[in-house]
Amino acid sequence: MNEQIENKLLLENQFLIHQIYEVAEHFGFETRNKYQLVDKNKEQILFIAEQQKGIFGFLLRQYLGHWRTFSLHFYDKDKNIVLAAKHPFRFIFNRLEIYDQNNQKIGSLQQRFSLFRRKFEVLDKQDNRVMIMLTRFTFFWIWSYPFFKQNRKVASVNKKFSGVFSEIFTDKDNFLVEFHGSELNLKERLLIIASSIFIDLMYFEKHD
């Protein structure tokens, strides 16, 4: 990851994750997920794309939804991979493992059991918990996903309404990623950004 991207991710506190529209979703087909990470000026910082291609990947998306195994690549403007995420097969308690550009693990996101609320832990590369995401009661607060570190709210991912057409006919979702202060380091911020994709795939993908 080049220095310019690192500085932007460290110094700015608001980013938008924008899911890229796929025409095939109008016809009931689940296509490969693609996203843009943009700053407040709508400048693209990262492009994120699901990697499973071909008929096998197509069938997995249609029938297994977020339980399937898949991987995501995060690209910079020069199409270099700067981050990768791998989702192993899970029937319950989904997990996303995050790797840097050198294929070194930087952390994981692990779904946990919780009644009436959505919960997962942000883990470091040794699987030690560094943050927790815990919503309020699900039925009333399904759009806001706050992150806590030592009982302090350090970040949040908020689903932004995409418009009636998008919400009804497609999976196109927008998420506002907010960092509250400068406490988190670059790796922790990258894990929060990856969490926004994790949230979309777990809670808002149609084929669940």
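Predicted model: local features only at pLDDT ≥ 70, side-chain atom pairs only at ≥ 80, totals over all residues.

Colleague: Which residues make the nonpolar surface patch?
Modeller: Phe89, Phe91, Ile92, Phe93, Phe113, Leu115, Phe116 and Phe137. The patch covers about 940 Å².

Colleague: Where is Phe116 found?
Modeller: In a loop. Strand S7 (105-111) and strand S8 (119-124) lie on either side of that loop.

Colleague: How many helices and strands are there?
Modeller: Four helices and 12 strands.

Colleague: OK, inside now. What percentage of the residues is buried?
Modeller: 51% of the 208 residues. The largest nonpolar core has 46 residues. Leu9, Ile17, Leu37, Phe74, Phe120, Phe147 and Ile192 touch the most other members.

Colleague: Which element gives the largest share of this core?
Modeller: Helix H4, residues 186-204. It contributes 13 residues.

Colleague: You listed Phe74. What is Phe74 in contact with, beyond its neighbours within four places in sequence?
Modeller: Quite a list. Among them are Leu46, Phe47 and Ile48, then Ile81, Val82 and Leu83. Phe74 also contacts Ala194 and Ile197.

Colleague: Switching to charges. How many salt bridges are there?
Modeller: The count is 10. One of them joins Asp39 and Lys8, with the closest N and O atoms 3.2 Å apart.

Colleague: Why does that pair tie together separate parts of the sequence?
Modeller: Asp39 lies in the loop between strand S2 (34-38) and strand S3 (44-50), while Lys8 is in helix H1 (residues 3-11), so the bridge links parts 31 residues apart in sequence.

Colleague: Is Asp39 buried or exposed? And Lys8, buried or exposed?
Modeller: Asp39 has a relative accessible area of 3%, so it is buried. Lys8 is at 18%, so it counts as buried too. The cut-off for buried is under 20%.

Colleague: What about Glu183 and Arg152, how far apart are their closest N and O atoms?
Modeller: 2.5 Å, and they form a salt bridge. Glu183 sits in the loop between strand S12 (174-179) and H4, and Arg152 in strand S11 (residues 152-160). Glu183 is partly exposed, at 38% relative accessible area. Arg152 is partly exposed, at 38% relative accessibility.

Colleague: Last one. Which residues are linked in a network of salt bridges?
Modeller: Arg95, Glu97, Lys105 and Asp127. Within it, Asp127 and Lys105 bridge with their closest N and O atoms 3.9 Å apart.

Notes: Residues numbered from 1 in each chain as written. Heavy atoms only, no water. Patch = residues over 30% accessible without salt bridge, like charges linked within 9 Å, V, L, I, M, F, W, Y side chains within 5 Å. Areas by Shrake-Rupley, 256 points an atom, 1.4 Å probe, with all protein chains shown as cover. Salt bridge = Lys/Arg side-chain N within 4 Å of Asp/Glu carboxyl O. Helix = DSSP H or I, 4+ residues; strand = E, 2+ residues; numbered from the N terminus. Core = buried A, V, L, I, M, F, W, Y, C linked by side-chain atoms within 4.5 Å. Buried < 20%, exposed > 50% of the residue type's maximum accessible area, 1.4 Å probe, protein only. Contact = heavy atoms within 4.5 Å.
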